[in-house]
Amino acid sequence: MKTATKVTAYAGVLAIVFGGAWAAGAAVGPSGGAAAPAAMDHGAAQSTSSNTGDKLPPGLSVAENGYVLKPLRTTATTSEQQPFQFAIGTADGGTVTKFDVEHEKRLHLVLVRRDGSGFQHVHPEMAADGTWSAPLTLPAAGSYRVFADFKPENGTKTTLGTDIQVAGSYEPKQYDTDTREFTVDGYTVRLDGDLKPGAESEVTTTVTKDGKPVTDLQPYLGANGHLVALRSADLAYLHVHPQDAPDAGPEVKFVVEVPTSGRYRLFLDFQHEGKVRTAEFTLGTTGSAPAQPTPSTSAPVTSPSENHGGHGG
């Protein structure tokens, strides 16, 4: 069995750690159908966020790190396959056309309805002008959140979000209790472990088929399991992969850190016998977040003998 997979904020290791005090709610993308701007050979953009104050968590903003998600259309029809097209723009009006390959793809597109249902993970294709396109079929009416997860060449790893609106009668689903077991196509996936706010938590997924452990899981996107977690209250986005070489199963481990109490939706993609399947779970946090120290309002007093050299670590 491989070692647990750690999660860190926007680092080269496989993780995005939520942090800070975040406002509730989500930033909604453009409501119109503006076309993508003319393409530029523009791999990198500004590394500072256009937002002021505290940095938003991944996926809650349509613009971040000098990049902007520009959908050509933000409406769709139920049960009909339609292309979702978009571009990644820059602060100076250009379009990003060069991206680093991460987990075998240049861009990951994740979609989920605002109530936490209808999860999809797809990989669009990009045209020469920087326009991405992915065929999507949205099974029911409602508002869907779309996340574009990417890293421009020589740029900053970024996750942007926008909404797709689907007209019709909306019947939201409730995910207000923990669900640790999911069955799909004869496979049963069990999630063990707890999420503790403000601390690292180990979770383990175990895959069985017809009651027998699956010991020949196939790598998917260079890993044995692909985990996406969303905070239910606002769909803040966490994207995790195993860090080391994948085992054959049946267990896949992750170490996840979430900052706040609440409920989370978790989606595990796994591949077996040449087909990718998704297991989904709902998990609430246990315990309370550690108390934050109260900042001192006075200057610290130091003795003349105190060493003022650089900090180690």
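**Entry 1: the whole chain**

What share of the contacts with a separation of 6 or more comes from residues 24 or more positions apart? I looked this up first. The model is predicted, and I keep that in mind throughout. The share is 67% of those contacts in the protein.

Next I checked the secondary structure. I found 19 strands and 0 helices. The protein has 313 residues, and 44% of them are buried. I then looked up the accessible surface, which comes to about 14700 Å². Carbon and sulfur atoms hold 51% of that surface.

Strand 5 (residues 107–113) and strand 9 (residues 142–150) run antiparallel, and 7 bridges join them. I looked for a residue pair here. Valine 110 has phenylalanine 147 in strand 9 as its bridge partner.

**Entry 2: strand 18**

Is strand 18 (residues 263–272) largely enclosed or largely open? I counted its buried residues. Of its 10 residues, 9 are buried, so strand 18 is largely enclosed by the rest of the structure. For this count, buried means under 20% relative accessible area.

I looked up the pairing partners of strand 18. Strand 15 (residues 226–231) runs antiparallel to strand 18, with 6 bridges between them. Here valine 228 stands opposite phenylalanine 267. Strand 19 (residues 275–284) also pairs with strand 18 in the antiparallel sense, over 10 bridges.

The hairpin of strand 18 and strand 19 has 2 residues between the strands. Glutamate 273 in this hairpin takes a positive phi near 55°.

**Entry 3: the largest pocket**

Rolling a probe the size of a water molecule over the atoms shows where empty space is left. I looked up the largest pocket. About 200 Å³ of space lies in it. Its lining has 14 residues, and the closest to its centre are Thr75, Ala76, Gln82, Pro83 and Phe84.

Which strands each supply at least two residues of this lining? They are strand 3 (75–76) and strand 4 (82–90). Strand 4 gives the largest share, with 4 residues. I sorted the lining by class as well. I noted 7 nonpolar, 5 polar and 2 charged residues.

Note on methods:
Residues numbered from 1 in each chain as written. Predicted model: local features only at pLDDT ≥ 70, side-chain atom pairs only at ≥ 80, totals over all residues. Heavy atoms only, no water. 1 Å grid on protein atoms, 1.4 Å probe; cavity = no way out; pocket = protein on both sides within 12 Å on 5 of 7 lines; lining within 4 Å. Points joined across faces, edges and corners; volume = space filled by probe spheres on them. Nonpolar A, V, L, I, M, F, W, Y, C, P; charged D, E, K, R; others polar. Buried < 20%, exposed > 50% of the residue type's maximum accessible area, 1.4 Å probe, protein only. Contact = heavy atoms within 4.5 Å. Areas by Shrake-Rupley, 256 points an atom, 1.4 Å probe, with all protein chains shown as cover. Pairing = 2+ DSSP bridges.
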